[in-house]
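Biologist: I am new to this structure and would like a close look at one part of it. Please take me through that part, then through what surrounds it.

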Amino acid sequence: MNRVLKYTFLGLSAIILIVTLFTFWAINQLKNSEAYQVAIKQIGSMPIIQKATGEVEGYGWYVEGFVKENSLIDSASFLLTVKGKRENIDILCLMGKDENKQWIVKEYKIL
């Protein structure tokens with residue numbers, strides 16, 4: 001019985017490790033994307049966001065979303081946390097490309 005518990009624990013530990021590593025890899029891929037870099041630059045300079053946060057100090061480590069390129073319509077969506085001096089806010093940011101194929105924030109919502 002002790003052997004069964006040991007292998008069960010080892011298997012569960014391996015699964016947790018794999019899921020954790022994949023999650024951090026996916027977040028890192030999103031954060032390194034051109035669309036995300038443009039999003040935080042544009043969002044950070046918006047007066048409404050500056051006012052809501054009391055000045056942007058940074059962004060949360062966790063981000064959800066997707067980047068879809070090489071299709072008829074390139075798009076990206078991010079759910080991210082903007083850290084401010086006064087308050088942190090969550091933002092849903094929808095991205096697209098303009099006529100010059102540059103990423104731009106098409107729409108955003110403070111949650």
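Which elements cover the buried residues of H2?

Modeller: A word first: this is a predicted model. The cover over the buried residues of H2 includes helix H1 (2–31), helix H3 (47–53), S1, S2, strand S3 (89–97) and strand S4 (103–110).

Now H2 itself. This helix takes in residues 34–44. Its buried residues are Ala35, Tyr36, Val38, Ala39, Ile40, Ile43 and Gly44. An α-helix has 3.6 residues a turn, so residues three or four places apart point the same way.

Next, the setting. The protein has three helices and four strands. From the N terminus, the order is α-α-α-β-β-β-β. The radius of gyration is 19 Å, well over the 13 Å that the globule rule gives for 111 residues, so the protein is more spread out than a compact globule. The C-alpha trace spans about 65 × 40 × 20 Å along its principal axes. Of the 111 residues, 30% count as buried. Take contacts between residues at least 6 apart in sequence: 48% of them join residues at least 24 apart.

Strand S2 is part of the cover over H2, and valine 82 is found in that strand. Valine 82 has 0% relative accessibility, so it counts as buried. Leaving aside neighbours within four places in sequence, valine 82 is in contact with Ile43, Ile49, Thr53, Val56, Gly58, Tyr59, Glu87, Asn88, Ile89 and Ile91. Among these, Ile43 is one of the buried residues of H2. Alanine 52 lies 30 residues away from valine 82 along the chain, and their C-alpha atoms are separated by 9.9 Å.

Aspartate 74 counts as buried because its relative accessibility is 15%, and buried means under 20%. Its side chain makes a polar contact with the side chain of lysine 97, at 3.4 Å. Beyond neighbours within four places in sequence, aspartate 74 is in contact with Lys68, Glu69, Met95, Gly96, Lys97 and Trp103.

The protein exposes about 8,000 Å², and carbon and sulfur atoms supply 60% of that. It has 13 positive and 11 negative side chains. The centres of the two sets lie 8 Å apart.

Methods:
Residues are numbered from 1 along each chain as its sequence is written. This is a predicted model: local features need pLDDT of at least 70, side-chain atom pairs count only at pLDDT 80 or more; totals for chains, interfaces and linings use all residues. Side-chain values use heavy atoms; hydrogens and water are left out. Buried means under 20% relative accessible area, exposed over 50%, partly exposed in between (1.4 Å probe, protein chains only). A polar contact is a pair of N or O atoms within 3.5 Å; within protein, one must be able to donate a hydrogen and the other to accept it, and residues adjacent in sequence count only if both atoms are side-chain atoms. Contact means heavy atoms within 4.5 Å. Helices (H or I, at least four residues) and strands (E, at least two) are DSSP runs, numbered from the N terminus. The radius of gyration is taken over C-alpha atoms; the globule rule is 2.2 Å times the number of residues to the power 0.38. Accessible areas come from the Shrake-Rupley method with a 1.4 Å probe; for residues, only the protein chains shown count as cover. Lys and Arg count as positive and Asp and Glu as negative; His and the chain ends are not counted. The place of a charge is taken as NZ of Lys, CZ of Arg, CG of Asp or CD of Glu.
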